[in-house]
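Here's a quick tour of a protein model for you to follow along with. Keep the sequence and the 3D view open, and find each spot as we get to it.

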Amino acid sequence: MSQVLEYSEKVMDHFNNPRNVGEIENASGVGTVGNAKCGDIMRIYLDIQDNVVKDAKFKTFGCGAAVATSSMATELIIGKTVEEALQITNKAVMEALDGLPPVKVHCSLLAEEAIHAALWDYAQKNHIVIPGLKPPVKDIEEVSEEK
Amino acid sequence: MENIIYLDNAATTAVKPQILETMKPYFEEYYGNASSVYRFAGEGQKAVEEARREIADFLGAKPKEIYFTGGGSESDNWALKATAFAKREKGKHIITSKIEHHAILHTCEYLEKLGFEVTYLNVDENGLVDLEELKKAIREDTILISIMFANNEIGTIEPIQEIGKIAHEHGILFHTDAVQAYGHVPIDLNELSIDMLSASAHKINGPKGVGILYVREGVRIGSFIHGGAQERGKRAGTYNTPGIVGFGAATKWANETFAGRIEKEIELRDYLIGRVLKEIPYTRLNGHAVNRLPGNANFSFRFVEGESLLLLLDQNGICASSGSACTSGSLDPSHVLLAIGLPHEIAHGSLRLTLSADNTKEEIDYTVEKLKTIVGRLRSMSPLYEDFVKEQSK
């Protein structure tokens, strides 16, 4: 089936007009997840001040859903405390986008992982422990090392 | 439908108005079952045989060697399964290539489950089958070689004449899936050692749902669809008279327009390829530079993903296709792009543009301009590109 017909209007809106594309220099935390082999890589940059996400940016290599979920994830995270940010699930990202086609659900998981990876990086840099946060499993580095 | 630029002619084509006109009487006026006895059905019978003759002439075949089917996939299924079943006493080995259409590959997988053994030949970086590897793959019990005439994704035209010769030197049947080649590449069955050939009407401005299987006289092939006595008992089912008439008319049209049409397609294709490779950096052309279908261009743009590319082209009214995983519904990109040795991340960024002689230079110019913007935009969003640029500036 045509992907265009399967994507919600919100997904297409976030794909066509992605929010918060870009980089943050000297970011508090950067998380990169996914790998080029399966066709999706997301990188999320966070600017965290006083335990609050002041700004978030992203770069994504991937399909329409991957771009839209990254865009939505950055929208959802801005203004949240670190603890609140950790609670943003793939389900929340999907719901905010009015759903995703079944084959694209993994994109929302990737968005959740990207947030977690960026928070992990922030925690590592600042030598703090964020309760409930696990180290990122899927990282671009793993793929690079395979080569 | 809004104005679109249609660059997906390898997927399917528009039915030409004059071809549609030839079909209409067989829906409305001469709707009689072409197999019936009364005179009213005679017009349908005549029209089916006329189309058969047209197609046979075009291929350099005899009318009785042409069997009408429900399309290219059915023809491929028939050729492989019927040959396998007919020859299973002689052997159980089939040779094909890694870049065949799924109608061949999935049929081969099915036959493997039934106990047949299949060798999938590699192709080189341009998509060509290696003739030496083919010779080495031949066994005592090889019963069939099936290699596509031209590839649907990257457009590479295979050395069909040589492959046919090798097959016949070893007394092995040779089938070719010519769905993409029929009407686009000269095919003369008097010159080629082909035993079976699949073709489809809708790739040459004919209707969907009708194809042929050519079976050389003397080659015994079992029935595929069991039922009535149509097609000399080999392929049952009420004649799709309008579809068959449309296939005949499309063939006649393809034949009459051949030289000028192909020349124009090649000119447009080479113009497109030239501009894209020159104006969009980090881009490669997939498929053979010379031995390629006249309307086929297939590119890989590094650092971008195919589905995003297609969606943005669609926003600009351009219809294209990609071999990325996201467009195939699996996690792997196109088996063809992997077979020519592209790494996954580059295969994901592939774009197929397939032209017809109805496309214009203006459409190509518009498409190239849009592509430059779109690829640039996706790269500016791509972490792979970011890393690449940082690496370069070190």
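Predicted model: local features only at pLDDT ≥ 70, side-chain atom pairs only at ≥ 80, totals over all residues.

## Ser350(B) and its strand

Let's begin with Ser350(B), which sits in strand β12 (residues 350–354) of chain B. Residues are numbered from 1 along each chain as its sequence is written, chains are lettered from A and ligands numbered from 1 in the order in which they are written, and side-chain values use heavy atoms, with hydrogens and water left out.

Is Ser350(B) buried or exposed? It counts as buried, because its relative accessibility is 1%. Buried means under 20% relative accessible area, exposed means over 50%, and partly exposed is in between (1.4 Å probe, protein chains only). Setting aside neighbours within four places in sequence, Ser350(B) has contacts that include Asn286(B), Asn298(B), Ser322(B) and Leu337(B). A contact means heavy atoms within 4.5 Å.

## The sheet in chain B

β12(B) belongs to an open sheet of three strands, in the order β9-β10-β12 (chain B), with antiparallel pairing. At its edges are β9 (283–285) and β12 of chain B, each pairing on one side only. On average, neighbouring strands of this sheet are turned by 25° against each other, direction ignored. Two strands count as a pair if DSSP finds at least two bridges between them. As background, strands of a sheet pair through backbone hydrogen bonds, either parallel or antiparallel.

Which strand does β10(B) (residues 296–301) join through five bridges? That's β12(B), and the two run antiparallel. Along this pairing, Ala297(B) stands opposite Leu353(B), and Phe299(B) has Leu351(B) as its bridge partner. β9(B) and β10(B) are antiparallel too, with three bridges, and there Thr283(B) has Phe301(B) as its bridge partner.

## Two faces of β10(B)

Have a look at how the residues of β10(B) point. Asn296(B), Asn298(B) and Ser300(B) go one way, while Ala297(B), Phe299(B) and Phe301(B) go the other, and all are buried. In a regular strand the side chains alternate between the two faces of the sheet.

## Hairpins in chain A

Now switch to chain A. Strand β1 (residues 29–35) of chain A runs antiparallel to β2(A), and seven bridges join them. Val33(A) has Met42(A) as its bridge partner in β2(A). Four residues lie between the strands of this hairpin, and Gly39(A) takes a positive phi near 95° there.

β2(A) also pairs with strand β3 (residues 52–61) of chain A, antiparallel over nine bridges. Here Leu46(A) has Ala56(A) in β3(A) as its bridge partner. This hairpin has two residues between its strands, and Asp50(A) takes a positive phi near 50°. β2(A) itself (residues 40–49) is mostly covered: eight of its 10 residues are buried.

Phe58(A) is found in strand β3 of chain A. With a relative accessible area of 0%, Phe58(A) is buried. Where does the chain bring Phe58(A) and Gly22(A) in space? They are 36 residues apart in sequence and 5.5 Å apart in space, C-alpha to C-alpha.

Not counting residues up to four places away in sequence, Phe58(A) touches several residues, among them Pro18(A), Gly22(A), Ile44(A), Val67(A) and Met381(B).

## A buried spot in a loop

Back in chain B, Ala150(B) is in the loop between β5 (142–146) and α7 (160–169). Ala150(B) is buried, with a relative accessible area of 2%. Leaving out residues up to four places away in sequence, Ala150(B) touches residues including Thr156(B), Asp177(B) and Leu293(B).

Note on methods
Axes fitted to C-alpha atoms, helices over the stretch in contact; angles between N-to-C directions.
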